[in-house]
Amino acid sequence: MTNRERIAERVAFHKPEINKAKYVILLIGDGMGYWHVDALRRYLNVARTNMESLRYFGYMTTFMRNSTGEGGLSGEYWDAPSELGSYDPNLGGYTPWQIQPVPAYVDEGATDSAAAGSALANGHKTVKYALNVVPKPEGYPADEAFTVKYYPTIVDFAEAKGMATGVVTSVPFSHATPAAFIAKTQYRKNYGEIARQMIFSNLDVIMGAGHPYYDDNGKPREANFYYWSTNKGPYINDEDGETLYEKVVNGARGRVFVEEKSDFEDLADGDGLFHGGPMPKRVFGLAQVANTLQANRNIDDGDPSDDWKVGGQAFISKVPSLETMTKATLEVLEQDEDGFFVMIEGGAIDWASHANNMTRMLEEIIDFDKSVKAVIDWVNDPTNGSNWNNTLVVVVADHETGHLQPLNVTGDEVIKEQCWGVNCEGWHHHTNSLVPIYAQGVCARALAAKYDGDIKDNTYIFKVMYQAIQRGCYTPILPE
Ligand SMILES: [Zn+2]
């Protein structure tokens, strides 16, 4: 049979039908631009990374509102509210791989992770540092809290349908990206407020770093509740960090508290048991480390079993990988017969890119890409009820970080030839570059670039996820 005949046969037997997404899995590589993924593929020297193996590929803008200027409190809080951001492809490029016509253009006024995460989570642009806050009209007093309006997020909509929900990250659980999927507040560094909102939300799974009793090397330290209690500017909070932490340890909102690596692995191993008994329906997983799972470490604990280290420094052996957290989360959430939404963030890709640290960036993006593989394997697993006709998987970035330049080498040469910023002078901030989208499953085709210059916007990610769970999409006539 020729290929043409084979396709004709498939068309004849595949009448299009509308499918809804019972499972929506959004993976966000924080700061992961097109050239970051290219560098990963070159470093691994493979034809395609796991994320690139997803069926549809597109790219999108990431700008926020008020993308110019650094107004507000000390330039760090509540910028001038009403200016609209934009992206000009004549200056920044029509595709992510087009070298920017005006390279400096993409360095100006880039979004932060809070505004970008909010756009992905709720489908609306907001202002710098804000989490799901409706932008105030021009002239509104910048420091007046508690009168702002909030956007519901995809987590709110999923919960309204009875779906389970979760957020997972390689950085503190209360950091901007996971926070953007549930918290509503004007300022991303109101960690006390954000932690409280997350802990008392209906999220079934919360996993990440931010442990008060361990440092960046996973060593015990004097308690530090920065990610549980710090607030700045207007906020609503009535509990201190230690009280919140104690409530989490004691199972707040029915979430079983886990912190040992072996417990994450027990949840992840797929045997349907936890400590020999039934799997918990809700979990708060707090890795025994401060800021990042691995990216901020500065030790060598001599563990020779670490097979994916890039930088020649062993990993902290007591900390689970993002891949393990991903598997654990899927095992917990799949118990809900109404399906689930989960956001999984490779948060420290951004941290390593801010530092222009290629070895650490590669470590982080490798773990992230393995997490994508874990998701693909989960969808392909015939035993859990998921398949590509009831699941939407989307892999995106919230923005690019470091203005990483294209490389023309493979393997270890990628580390030697790394080049960040225009003329390799380094760039330690976010950019406005177009970022890639990889997707497969229900409604995923809507995210594909149909021609060079077919640029989506980050708000469109929400809209496609929303459509996937509310109304569904026609399945492609050709099988996925
Ligand atoms: Zn970010």
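The protein chain has 15 helices and 16 strands. The model is a predicted one. Of the chain's 480 residues, 61% count as buried. Among contacts between residues at least 6 apart in sequence, 77% join residues at least 24 apart.

The sheet comes next. An open sheet is formed by 10 strands, with mixed pairing, in the order β6-β9-β5-β4-β10-β2-β11-β14-β3-β15. Its edge strands, each pairing on one side only, are β6 (256–258) and β15 (456–457). Threonine 61 has aspartate 457 of β15 as its bridge partner. Helix α13 (residues 358–380) packs on the sheet, where it touches β2 (23–29), β4 (164–172), β10 (340–346) and β11 (391–397). The direction of α13 makes about 170 degrees with that of β2.

Helix α13 also meets another helix. Its axis and that of α2 (residues 34–44) come within 10 Å and cross at roughly 90 degrees. Angles of 65 to 115 degrees count as roughly perpendicular, and α2 and α13 are therefore roughly perpendicular to each other. On the α2 side the contact is made by His36, Val37, Ala39, Leu40, Tyr43 and Leu44. The α13 side supplies Met358, Met361, Leu362, Ile365, Ile366 and Asp369.

Now the interior. In soluble globular proteins, nonpolar side chains tend to be buried together. The largest nonpolar core here has 126 residues, of which Ile25, Leu26, Met51, Phe181, Trp228, Phe341 and Ile461 touch the most other members. Helix α13 gives the most to this core, with 11 residues. Leaving aside residues up to four places away in sequence, phenylalanine 341 touches residues including Val24, Leu26, Ile154, Val155, Phe181, Leu333 and Met465. A second, separate core has 6 residues, among them Tyr59, Phe63, Tyr105 and Val106.

Aspartate 398 and histidine 399 are both buried. For reference in judging such a site, ideal angles at a metal are 109.5 degrees for four tetrahedral donors, and 90 or 180 degrees for six octahedral ones.

Key: Residues are numbered from 1 along each chain as its sequence is written. This is a predicted model: local features need pLDDT of at least 70, side-chain atom pairs count only at pLDDT 80 or more; totals for chains, interfaces and linings use all residues. Side-chain values use heavy atoms; hydrogens and water are left out. Buried means under 20% relative accessible area, exposed over 50%, partly exposed in between (1.4 Å probe, protein chains only). Two strands pair if DSSP finds at least two bridges between them. Helices (H or I, at least four residues) and strands (E, at least two) are DSSP runs, numbered from the N terminus. Contact means heavy atoms within 4.5 Å. Axes are lines fitted to C-alpha atoms, for helices over the stretch in contact, and angles run from 0 to 180 degrees between N-to-C directions. A nonpolar core is a set of buried Ala, Val, Leu, Ile, Met, Phe, Trp, Tyr and Cys residues joined through side-chain atoms within 4.5 Å. Angles under 35 degrees count as roughly parallel, over 145 as roughly antiparallel, 65 to 115 as roughly perpendicular and the rest as oblique.
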